[in-house]
Amino acid sequence: EEVEFMHSILNDYHAYVVERGGKVLLPQYLAMYRITVSGVEHYMIIMRNVLASNGLRIHKQYHLKGSTVDREATDKDKSKTNPRLKDLDFLKDDIKIHIGGDKKEKSTDCDSALIPLL
């Protein structure tokens with residue numbers, strides 16, 4: 001179902017990213033592969049890490065989907081060295097994202113340009 005969705009948005013997604021010169025807030029998908037192991041299909045998506053190019057160290061990671069249904073990391077996940085937390089963890093941690101100055105303006109411009117695509 002997610003693979004079908006990815007295929008359905010790919011043309012519009014690609015046109016949008018090219019039009020914006022790659023300066024987008026959307027995830028930057030590079031490739032999608034299907035691998036069959038022991039008769040079971042698995043899909044793998046390769047994405048660009050947009051933070052790595054800024055030299056920033058990622059100290060906390062949240063996998064946000066915009067939903068709170070079953071969206072809390074398990075105790076097992078939380079015990080890992082670099083856990084990937086989820087939406088409810090983000091809310092419980094009372095995380096605030098601060099964007100200052102010209103970056104806020106650029107972000108707003110990107111958000112406005114996203115409306116027709118979405």
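Two aromatic pairs are counted in this predicted model. In one of them, the rings of Tyr-62 and Phe-90 have centres 5.1 Å apart. Their planes meet at 85°, and an angle over 60 degrees counts as edge-to-face, so this pair is edge-to-face. The pair links distant parts of the chain. Tyr-62 belongs to strand S3 (residues 61-63), whereas Phe-90 belongs to helix H3, and 28 residues separate them. Both partners fall under the 20% limit for burial. Tyr-62 is buried at 18% relative accessibility, and Phe-90 is buried at 17%.

Helix H3 spans residues 87-92 and also carries Asp-89. Asp-89 is buried, with a relative accessible area of 4%. The side chain of Asp-89 reaches the backbone nitrogen of Lys-86 at 2.8 Å. Beyond its sequence neighbours up to four places away, Asp-89 touches Tyr-62, Arg-71, Glu-72, Ala-73 and Lys-78. Tyr-62 is thus a contact of Asp-89 as well as the ring partner of Phe-90.

Arg-71, another contact of Asp-89, sits in the loop between S3 and helix H2 (75-78). Arg-71 is buried, with a relative accessible area of 8%. A polar contact of 2.8 Å joins its side chain to that of Asp-87. With residues up to four places away in sequence left out, Arg-71 touches His-63, Leu-64 and Lys-65, along with Lys-86, Asp-87, Leu-88 and Asp-89.

Helix H1 covers residues 2-19, 18 residues in total. From first C-alpha to last, H1 reaches 25 Å, close to the 26 Å expected at 1.5 Å a residue. After H1 comes Gly-21, with a positive phi near 65°.

In soluble globular proteins, nonpolar side chains tend to be buried together. Here, the largest nonpolar core has 5 residues. Tyr-13, Tyr-16 and Val-17 are members, and Val-24 and Leu-26 complete the set. Val-17 touches Gly-22 and Val-24, not counting residues up to four places away in sequence. Val-24 is itself a member of the core.

Key
Residues are numbered from 1 along each chain as its sequence is written. This is a predicted model: local features need pLDDT of at least 70, side-chain atom pairs count only at pLDDT 80 or more; totals for chains, interfaces and linings use all residues. Side-chain values use heavy atoms; hydrogens and water are left out. Helices (H or I, at least four residues) and strands (E, at least two) are DSSP runs, numbered from the N terminus. The expected span of a helix is 1.5 Å times one less than its number of residues. Buried means under 20% relative accessible area, exposed over 50%, partly exposed in between (1.4 Å probe, protein chains only). A polar contact is a pair of N or O atoms within 3.5 Å; within protein, one must be able to donate a hydrogen and the other to accept it, and residues adjacent in sequence count only if both atoms are side-chain atoms. Contact means heavy atoms within 4.5 Å. Rings of Phe, Tyr and Trp (its six-membered ring) pair if their centres lie within 6.5 Å; planes under 30 degrees apart count as stacked, over 60 as edge-to-face and the rest as tilted. A nonpolar core is a set of buried Ala, Val, Leu, Ile, Met, Phe, Trp, Tyr and Cys residues joined through side-chain atoms within 4.5 Å.
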